[in-house]
Amino acid sequence: MSTVVLLGITGLGLGALYFLVASGLSLIFGLMDVLNFAHGALLSIGAYATWWAASHSFGFPLALLFGTAVGTLAAVALELGLVRPLYRRPREQVLATVGVGLAVPALLSAIWGADARTFPVPSALAGTFTLLGASVPVDRLVLVGAALVVLLALRLFLGRTRHGLVVRAGVEDRAMVTALGIDVRKAFTLVFAIGGAAAALAGGLAGLYFGSVDPTQGGSLLIFGFVVVVMGGLGSVSGAAVACVVVGLVQQFANYYSTAGLGDLSVVVMLAALLLVRPSGLTGRLA
Amino acid sequence: MTSPVLSVRGLKVVTGGRHILHGVDLDVAPAGVTALLGRNGAGKTTTVRGILGLVPRTGSVRYGGDETVTMTTHQIVRRGIGYVPEDRGVFAALTVAENLRLAERDPDPAYGLVHELFPELRQRARQAAGTLSGGQQQMVAIGRVLLNRGNRLIIADEPTKGLAPRVVTEVAVALERAAQAVPVLLVEQNLALVRRLADHCVVLADGRTAHAGPAAELLADAGKSRTLLGVGRRVDAPAPASGGES
Amino acid sequence: MNIPALLRRWWPLPALAVLVLLPYSALPLPGLLDGPIGSPGSLQLLALCLVFGALATGYDLLLGRTGLLSFGHALYFAAGTYATGLLLTRAGLGFWPAAGLGLLAGVALSALLGAVSLRVSGIGFAMVTLAFAQAGSILVQRDPGGVTGGEEGLAATGLPASLVGIAHTADLYWIALAYLVVTLAAVQWAVRSPIGRVWEGIRENERRVEVLGLRPYGFKLVAFVLAGTLAALGGVVYLLLTGGATPQTTTSDFTLSLLVMVVLGGSGTRWGPLVGGVLYTWAQHRLASLAGSGTIAGLPSVLRVPLSQPLFLLGVLFVIIVYALPGGVAGLPARLRARAVSRGAQA
């Protein structure tokens with residue numbers, strides 16, 4: 001029983017990371033038709049910025065805030081500098097993000113080395129607590145809590161604000177939004193900022209979860225982010241939330257109860273099976 | 001005609017390597033309804049989309065003293081254009097109230113007028129627009145335009161297409177009301193409606209302007225309206241729903 | 001027919017003859033290559049350039065010819081390398097049966113996974129192919145049962161003695177050249193066939209192909225399997241060339257580098273992907289050796305740090321190409337000509 005609890009909470013923690021990556025990917029794709037291959041780079045930027053701040057005695061909450069801010073700025077710069085000039089050329093937009101996705105991890109490993117750097121986990125989060133007989137690491141709760149806060153904030157933003165309304169309408173029909181006299185490009189920058197913030201937060205929390213940061217973390221989390229986005233339906237935040245829980249749990253349990261690595265495979269098999277049954281994903285549309 | 005509110009000269013649209021418009025000229029009168037007519041595929045919808053910058057275009061479109069052919073869609077629309085698109089363009093996942101709220105540009109939107117003309121929209125405010133009937137969706141699309149008192153031109157692309165006769169009447173009343181205050185460019189296949197509403201008309205054929213003049217004159221001339229608008233259409237009865245157009 | 005016209009049509013033949021004769025050349029190309037052309041080190045690099053040029057050409061069958069954005073092409077290359085390597089090393093098969101079965105594995109895998117992935121289109125397809133390739137990459141790196149060698153890679157044993165060692169580098173070079181010729185011929189033949197015309201239609205507008213009463217799915221699957229087969233064949237050649245398999249060739253970064261090659265050279269053109277593949281591979285090796293050299297070490301850290309990472313430079317270069325040179329290198333002559341014409345018109 002205690003193993004099941006531990007695996008369940010660890011799976012949810014992993015799912016929380018996937019959600020933070022996938023929610024931004026999903027919004028950016030839904031609104032702009034851009035598959036952001038630089039999203040892993042944004043995560044890594046957040047991870048290294050958080051790690052740097054935490055190693056310079058910022059204190060973990062402040063370090064996380066710093067990392068998220070740096071990632072947000074990087075995302076806005078990416079949208080304004082590289083994605084926007086290629087407006088109306090979606091394939092080139094994807095290619096430009098591919099270039100950034102290659103260059104940024106290389107730059108990070110040039111500066112801080114290709115090997116993993118130990119993340120200074122604060123003592124308050126390093127311990128465990130007992131739940132139903134299982135001793136569960138505290139950091140798992142931090143991850144799940146952060147994902148829930150982001151989910152709630154996104155739902156409030158999308159449901160209650162005018163900018164959120166523009167984003168939801170733009171996911172459906174971008175041209176019609178402009179035909180109502182709304183400059184939809186402002187919403188593009190906004191979703192990049194939101195996606196970048198969530199990805200950078202995921203980067204900082206990944207440092208906590210794995211106990212280290214390395215340049216390739218972003219890339220591997222990005223791939224599972226893609227899986228979650230496809231399963232949840234492109235452009236759907238709620239779909240991503242459901243899919244990340246499923247993916248995180250399946251991965252953890254399968255990795256534990258069979259050989260390591262089979263969990264990762266079973267996630268992909270699950271994706272294939274889902275696409276065979278329902279080509280449009282769990283909820284929304286698929287381009 | 002006194003100086004037109006919108007003046008199009010030599011409008012050309014090329015999409016996917018194909019010429020859709022070869023050079024459209026049209027003026028929208030400063031008051032009343034100007035009808036844009038033509039057979040299916042003549043380029044009516046493309047003309048409207050070209051005026052609004054929704055498709056890449058060349059030529060000249062003068063509106064409110066500005067050349068708009070170099071502007072983006074939202075810049076053009078913000079100069080005071082209300083647009084009812086061909087496919088209604090309501091956001092299916094948004095509620096009726098959200099659809100209307102998204103369209104607000106004035107500080108004091110005219111909800112009174114919208115709810116007076118379409119009381120159903122008030123009752124269904126919290127319903128997702130995708131679950132409405134076609135007629136109700138058209139009311140949302142027209143309501144979005146009527147909200148903004150600052151409009152100086154309304155462009156409606158086949159607002160009665162595929163609607164039940166009762167709803168056609170409601171839409172016609174709304175357009176009539178709107179036209180009292182703001183000039184309207186109306187794309188329409190239903191000639192009974194054109195007869196009732198339009199003062200002027202412009203006829204397109206094969207992506208070019210084929211005729212322009214008073215609407216009554218064209219509709220009175222059976223031979224001319226038959227060659228320009230299509231064969232054997234009865235002009236008194238509400239026209240049946242027509243098929244799609246490029 | 002006069003000589004220039006003949007040359008314009010048949011120049012690939014003398015070019016091929018030159019490539020065939022390169023191992024006999026002792027010409028030094030300082031700056032471009034470390035030793036003379038015919039030296040084993042240079043031939044090895046040239047052979048790699050040819051293999052990746054061919055691989056990019058095969059990948060462009062999807063990207064440039066059919067308009068399919070696959071992010072999982074590494075999987076079929078790796079399938080050829082690893083299946084052949086495993087059959088040689090663990091099952092003790094001879095080289096030819098192992099290579100044949102390895103190729104067959106690539107065909108079967110691309111047919112199976114292509115059939116599933118092509119159920120979705122556009123970006124969904126890109127993500128699903130990426131996910132499948134990632135599964136393959138994980139499988140190789142986790143090393144189930146200790147067969148793939150995990151992160152160390154697999155050193156192939158049992159390769160034919162006539163194809164191993166420095167003395168036989170020229171033979172390996174010719175094999176790489178043969179693979180390139182086979183790929184170019186296959187792609188050219190397929191693109192000109194009736195199926196190729198349907199691919200072109202799918203790339204331009206899939207809906208229009210459907211209107212003609214054709215099901216795009218089957219045609220796309222043919223393109224996917226053909227590209228996968230060519231990649232698996234390339235994997236076998238790569239195994240010979242490097243004497244083993246490395247997990248790097250299974251990663252999504254490897255597919256992304258193929259994408260970079262194709263875009264660099266010019267997608268959808270006959271020679272563009274080849275040029276891009278050769279340039280990329282050469283640049284990567286030169287930059288890597290440059291990074292280890294004393295010239296870089298002496299630079300201030302602002303320059304030294306980014307210059308020590310070939311992938312950083314290639315990523316930046318790629319972004320620049322996407323912006324400044326949309327047609328890739330292959331589109332360059334036409335752009336220059338257009339510029340000369342417009343300048344002439346102004347004068």
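This is a predicted model: local features need pLDDT of at least 70, side-chain atom pairs count only at pLDDT 80 or more; totals for chains, interfaces and linings use all residues.

Biologist: Start with the chains. Which pair has the most contacts?

Modeller: Chains A and C do, among the 2 pairs of chains that touch.

Biologist: And what about chain B and chain C, how far apart are their closest C-alpha atoms?

Modeller: Those atoms lie 9 Å apart, and no contact joins chain B and chain C.

Biologist: Back to A and C. At what angle do H10(A) and H6(C) cross?

Modeller: Roughly 135°, with the axes coming within 10 Å. The cut-off for roughly antiparallel is over 145 degrees, so H10(A) counts as oblique to H6(C).

Biologist: Left-handed or right-handed crossing?

Modeller: The crossing of H10(A) and H6(C) is left-handed.

Biologist: Which residues meet there?

Modeller: From H10(A), Ile223(A), Phe224(A), Phe226(A), Val227(A), Val229(A) and Val230(A). On the H6(C) side they meet Met127(C), Val128(C), Leu130(C), Ala131(C), Gln134(C) and Ile138(C). By class, the contact of H10(A) with H6(C) has 11 nonpolar residues, 1 polar and no charged.

Biologist: Now inside chain A. How do H1(A) and H7(A) pack?

Modeller: The axes of H1(A), residues 2-32, and H7(A), residues 162-172, come within 7 Å and cross at roughly 60°. That angle makes H1(A) oblique to H7(A). H1(A) contributes Leu27(A), Gly30(A) and Leu31(A), while H7(A) contributes Val167(A), Gly170(A) and Val171(A). The contact of H1(A) with H7(A) has 4 nonpolar, 2 polar and no charged residues.

Biologist: Switching to chain B. Where does Arg105(B) lie?

Modeller: In the loop between H3 (96-103) and H4 (111-117) of chain B. Arg105(B) is partly exposed because its relative accessibility is 28%, and the buried class is under 20%.

Biologist: What does Arg105(B) touch?

Modeller: Not counting residues up to four places away in sequence, Arg105(B) touches Leu180(A) in chain A. Within chain B, Arg105(B) touches Val77(B), Arg78(B), Gly80(B), Ile81(B), Asn148(B) and Asn151(B).

Biologist: With which side chain does the Arg105(B) side chain make a polar contact?

Modeller: That of Asn151(B), at 2.9 Å.

Biologist: Next, Thr47(B). Buried or exposed?

Modeller: Thr47(B) is buried, since its relative accessible area is 0%. Thr47(B) sits in H1 of chain B, residues 44-51. Setting aside residues up to four places away in sequence, Thr47(B) touches Leu11(B), Leu21(B), Val24(B), Leu26(B), Leu36(B) and Leu204(B).

Biologist: And Val167(B), which helix is that in?

Modeller: H7 of chain B, residues 165-181. Val167(B) has a relative accessible area of 7%, so Val167(B) is buried. Apart from neighbours within four places in sequence, Val167(B) is in contact with Gly135(B) and Met139(B).

Biologist: Last one, Ser110(C). What does the side chain reach?

Modeller: The backbone oxygen of Val107(C), at 3.0 Å. Ser110(C) is in H5 of chain C, residues 95-117. With a relative accessible area of 0%, Ser110(C) is buried.

Biologist: Which contacts does Ser110(C) have, leaving aside neighbours within four places in sequence?

Modeller: Tyr76(C), Ala115(C), Phe224(C), Val225(C), Gly228(C) and Thr229(C).

How values were computed. Residues are numbered from 1 along each chain as its sequence is written. Chains are lettered from A and ligands numbered from 1 in the order in which they are written. Side-chain values use heavy atoms; hydrogens and water are left out. Axes are lines fitted to C-alpha atoms, for helices over the stretch in contact, and angles run from 0 to 180 degrees between N-to-C directions. Helices (H or I, at least four residues) and strands (E, at least two) are DSSP runs, numbered from the N terminus. Angles under 35 degrees count as roughly parallel, over 145 as roughly antiparallel, 65 to 115 as roughly perpendicular and the rest as oblique. A crossing is left-handed if the near helix is turned anticlockwise from the far one by less than a right angle, and right-handed if clockwise. Contact means heavy atoms within 4.5 Å. Ala, Val, Leu, Ile, Met, Phe, Trp, Tyr, Cys and Pro count as nonpolar, Asp, Glu, Lys and Arg as charged, and the others, Gly among them, as polar. Buried means under 20% relative accessible area, exposed over 50%, partly exposed in between (1.4 Å probe, protein chains only). A polar contact is a pair of N or O atoms within 3.5 Å; within protein, one must be able to donate a hydrogen and the other to accept it, and residues adjacent in sequence count only if both atoms are side-chain atoms.
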